[in-house]
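Please open the structure in your viewer and keep the selection tool at hand. The stops below are meant to be followed in order.

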Amino acid sequence: MAVRYPEQSGAGSLHNKYLTNIRTIPGKYPDFKGLLMDFLSKNLPYFLAGVSVGGQYALIAIGYTMVYGILRLINFAHGDIFMVAGLVTIYASTVMPLYLSIPLTILVTVILGMMIERVAYKPLRNSPRMSVMISAIGVSYLLQNLALYITGGLAQVYPTIPFISNTVTIGSATTKVVTILTPILMIVLVVLLIQLINHTKIGMAMRSVSTDFETSRLMGINVNRVISMTFIIGSFLAAVGSILYFTNYPSVIPTSGGMPGLKAFVAAVFGGIGSIPGAVIGAMLIGIVENLIKGAGWTTFSDAFTFVLLIVVLLFKPTGLFGEAATDKV
Amino acid sequence: MTKKKDLIFSLILLAAAIVLVAVLDRTLPQTGIVMTVLKKGCIYSLVAVSMNLLNGFTGLFSLGQAGFMLIGGYTYAILTIPVADRASVYQYFDGGIVQFSIPFWAGLICAGLVSAALAWLIGLPVLRLKSDYLAIATLGFAEIMRAFFQWDTLGPLTNGSNMLRKYPSFSTLMFPFIVAAICIALIVMLINSSFGRAFKAIRDDEVAAEAMGINLAHHKRMSFCISSFFAGVGGALLAMYQTTIQAQAFKSNMTYEILLIVVIGGLGSVTGSVLATFLFYAASEWWLRFLDSPMMIGDWQVPLLRSGFRKVVFSVVIMVIVLFARQGIMGDHEFSLSGLIKLFRRKGKGASANEQV
Amino acid sequence: MSKSDANVLRLEHITMQFGGVVAVNDFSMEVNQGEIVALIGPNGAGKTTAFNVITGVYEPTNGIVYFNGTPIVENHPRGKMKKLYEGDRALVYDKVISKTPDRITKLGIARTFQNIRLFKKMTVFENVLIARHLRSRANFLAATLHLNAAEERANREKTLELLKLVGLEENRDDLATSLPYGKQRRLEIARALATEPKLLLLDEPAAGMNPQETLELAGFIREIKDRFGLTIFVIEHHMDLVMEISDRIYVLDFGRMIASGTPVEIQNNQHVIDAYLGVQEG
């Protein structure tokens with residue numbers, strides 16, 4: 001899964017030439033401000049890419065965090081739903097114009113997400129958590145094999161979406177519109193989502209179910225409807241995320257969803273699973289740091305970093321930044 | 001009394017299997033489809049049983065198996081490539097830094113030991129985590145390993161992202177069969193010992209196990225290391241079978257496949273895991289092969305049949321098992337003589353056929 | 001009273017606070033060698049919490065627990081808690097001793113659970129055999145290669161003996177969870193005895209039993225006490241049983257000890273009567 005930012009790496013190396021040596025004011029401390037400016041201007045393309053990728057991870061991470069908050073389930077298939085959304089866009093755009101294929105992508109993804117919940121998770125509602133997780137892994141396996149069959153194992157070329165694929169120049173960096181659009185769109189969607197959760201009836205039901213599943217059921221909340229709604233929202237955001245994400249890549253393959261999915265999950269854990277602002281902050285952090293690591297020439301470790309972060313977070317603050325502690329009763 | 005009979009029955013089965021393997025080795029082409037299934041079956045049986053020790057018997061939901069196989073496979077390859085061949089294998093790294101080689105059997109043991117040692121290290125932090133967090137942390141660990149072994153700076157040791165080859169491998173079925181059989185026998189003996197019972201106690205109820213004087217941290221780490229030891233040996237066998245090894249291939253999907261095998265066989269059943277492994281590879285590599293090629297019945301072309309369809313059908317079957325036959329083939333029971341007799345007696349009485357062996 | 005080594009178990013100023021809830025509040029008590037001591041109190045009085053502190057499941061907020069004269073649990077308020085405990089009780093204990101439950105069991109304290117916690121997927125025999133694991137000396141290699149056959153045989157014999165004692169020998173190959181309730185309680189006791197304890201903590205052993213079974217249980221508790229030279233500390237709601245078997249009784253209400261003494265004294269104690277009948281204290 002090679003990342004393609006030709007224009008950005010070019011800009012980065014241009015700056016490398018004259019900004020590599022550390023500047024110090026003679027006889028004084030190192031010039032921290034200068035160093036910081038150097039660092040920023042040198043890494044601006046990577047930083048921008050990071051903010052953008054971070055925004056895309058955030059859109060996926062919200063799906064993980066909401067499902068976990070309500071079902072206590074790591075939805076291993078979520079990354080693959082994201083991949084399927086990419087494929088749907090590709091196939092739809094070959095037969096219809098983009099203004100139809102994009103809404104269709106979102107619709108199909110939402111239906112897929114809902115169906116997975118109905119077929120693979122709902123029958124296991126009273127089973128041990130391990131069974132549901134295994135079922136999620138099974139769904140992930142199925143979706144990947146299905147994608148492999150449909151694509152015939154060939155990488156499918158992602159369509160160029162006008163406007164968001166255009167290039168813009170910001171400071172020293174040249175980048176696509178999508179890089180700027182992603183964080184803005186993400187924040188708008190998150191604000192809308194938080195409004196939904198805090199100020200609507202279904203939002204209240206969602207908060208109630210995530211606090212106490214059984215009691216909510218006793219209180220007459222239609223738990224199945226709440227769960228369906230959670231999967232609808234999660235899949236919707238994943239579909240939007242997929243359009244933004246794959247615009248930066250030449251093609252989609254059946255395993256395209258794996259890595260972004262895992263990273264988004266780590267972001268959700270980092271932010272404290274169940275917390276939406278936490279997921280967003282975690283995702284932005286992972287996106288930015290990962291791209292800065294790439295900028296430093298350690299591309300091999302840009303993926304590994306995410307998991308080091310995960311293990312460190314789980315050790316020192318297992319509940320994440322904004323998570324709540326749970327206790328076992330003896 | 002039945003224990004003794006069961007043991008004798010198992011030994012007879014084992015002896016029969018050895019004879020069968022010897023006959024097959026002489027009669028079947030070594031690269032034929034049946035041999036591929038049987039060899040893969042032996043290798044992955046070992047890995048599946050090692051994963052079952054952790055997930056089924058100790059109740060630790062770990063997804064690091066591919067990572068430990070990777071470590072085992074690389075350890076074996078790095079240590080056993082003949083000195084004379086190192087220059088050509090490590091062509092981009094001046095022949096590498098390891099300038100000795102050890103015999104294959106020592107390589108297999110080292111593969112297990114290095115794997116277990118890394119498991120011990122990673123276990124210190126991650127084994128404190130609960131169910132799904134442990135799963136994701138071990139999955140992450142496997143991904144880190146995959147990146148680490150492809151790192152160019154480690155090239156003189158791991159050959160970077162290039163493949164390792166020219167190490168000793170096997171050509172007969174007997175070799176993987178014997179190694180896997182010995183390892184699985186050791187795991188079974190462990191499970192039947194006092195320590196195995198302690199693992200099961202942790203799986204059933206951590207609080208009660210601790211109250212019965214079982215040191216949770218110690219026993220979890222032990223199970224994790226032993227499981228990784230055998231996953232490492234399994235990885236080494238896989239490397240031998242493939243004759244080349246590349247870190248790139250040890251993706252999380254590999255772990256998922258092994259996990260699904262374990263689930264199909266039944267969490268907590270060694271014989272179930274072994275049986276499921278052979279069924280899994282026979283189905284995916286052999287019986288369902290026909291689904292991958294277009295077929296004509298008369299003038300009518302059977303729809304859907306083309307490359308990749310086999311895997312789709314296969315994953316649907318797996319989903320059906322996961323959803324509707326949650327106990328797997330064996331549940332948490334073992335295949336044994338007394339079990340068989342019980343089953344037949346029950347059937348004779350016309351009792352429900354759902355009872356497990 | 002001041003000599004801590006005369007007691008098998010001794011709690012001093014144990015306080016257990018969860019967030020804003022004080023489950024056990026400044027509780028001190030002792031159990032002497034060979035005694036049967038009961039801990040009673042209304043639901044939610046903090047009895048099981050006290051057990052969990054003794055067995056190392058919870059780390060108390062403050063206080064110390066001695067077992068045979070050696071401290072096994074010790075803690076003092078730290079961090080945010082420190083402010084809440086300023087004053088006379090604040091800095092009595094300066095050390096932190098926190099042993100995991102398995103180490104406390106190894107020292108000789110065994111327990112049963114209020115909500116039965118048997119190993120669900122194991123047979124009756126295996127459930128008891130598990131508890132012998134902590135006394136076995138073989139390492140995992142020796143155990144795997146079955147080099148500890150003598151030890152294993154001894155453990156199996158001991159297990160069988162215990163099953164006979166609790167009258168479960170014909171159930172030995174049944175799944176633990178398939179047993180009726182009363183038998184499950186007895187199995188839990190057998191399992192606890194298999195760890196070779198000096199002190200046995202029973203958490204509501206008669207819960208769910210009818211009067212006849214309760215009576216039998218009283219005899220059984222005395223029998224195992226004499227046979228294994230045990231000291232027994234029991235939480236119980238059945239007053240008949242408590243009055244029948246205990247040498248002394250402690251009463252907890254809302255985490256505080258409101259009375260202690262012999263069964264007769266407790267029966268006539270006005271505080272206890274009020275606590276149980278829910279009368280407001282004047």
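This is a predicted model: local features need pLDDT of at least 70, side-chain atom pairs count only at pLDDT 80 or more; totals for chains, interfaces and linings use all residues.

Residues are numbered from 1 along each chain as its sequence is written, and chains are lettered from A and ligands numbered from 1 in the order in which they are written.

**Chain C as a whole**

Select chain C, which holds 11 helices and 11 strands; these are DSSP runs numbered from the N terminus, helices being H or I with at least four residues and strands being E with at least two. Its C-alpha trace spans about 60 × 45 × 35 Å along the principal axes. Of the 282 residues of chain C, 43% count as buried, where buried is said of a residue with 20 or more other C-beta atoms, placed from the backbone, within 10 Å of its own.

**The sheet in chain C**

Next, select the six strands of an open sheet in chain C, whose order is S7-S8-S9-S3-S10-S11 with mixed pairing; two strands pair if DSSP finds at least two bridges between them. At the edges lie S7 (109-111) and S11 (256-261) of chain C, each of which pairs on one side only. From one strand to the next, the twist averages 20°. Zoom in on S7(C) and S8 (residues 199-203) of chain C, which pair in the parallel sense over three bridges, and find C:Ile109, whose bridge partner in S8(C) is C:Leu199.

**Where chain C touches chain B**

Now show both chains: the contact takes 28 residues from chain C and 22 residues from chain B, with two residues in contact if their C-beta atoms, placed from the backbone, lie within 7 Å. On the side of chain C, the largest share, four residues, comes from H3(C).

**Two helices in chain B**

Finally, select residues 174-191 (H8) and 216-242 (H11) of chain B, two helices that pack at an angle of about 170° with their axes 11 Å apart. H8(B) is therefore roughly antiparallel to H11(B), a term used for angles over 145 degrees. Which residues of H8(B) meet H11(B)? They are B:Pro176, B:Val179, B:Cys183, B:Ile187 and B:Leu190, and they meet B:Ile226, B:Phe230, B:Val233, B:Leu237 and B:Tyr241 in H11(B).

How values were computed
Axes are lines fitted to C-alpha atoms, for helices over the stretch in contact, and angles run from 0 to 180 degrees between N-to-C directions. Angles under 35 degrees count as roughly parallel, over 145 as roughly antiparallel, 65 to 115 as roughly perpendicular and the rest as oblique. A residue is buried if 20 or more other C-beta atoms lie within 10 Å of its own, exposed if 12 or fewer, and partly exposed in between; C-beta atoms are placed from the backbone.
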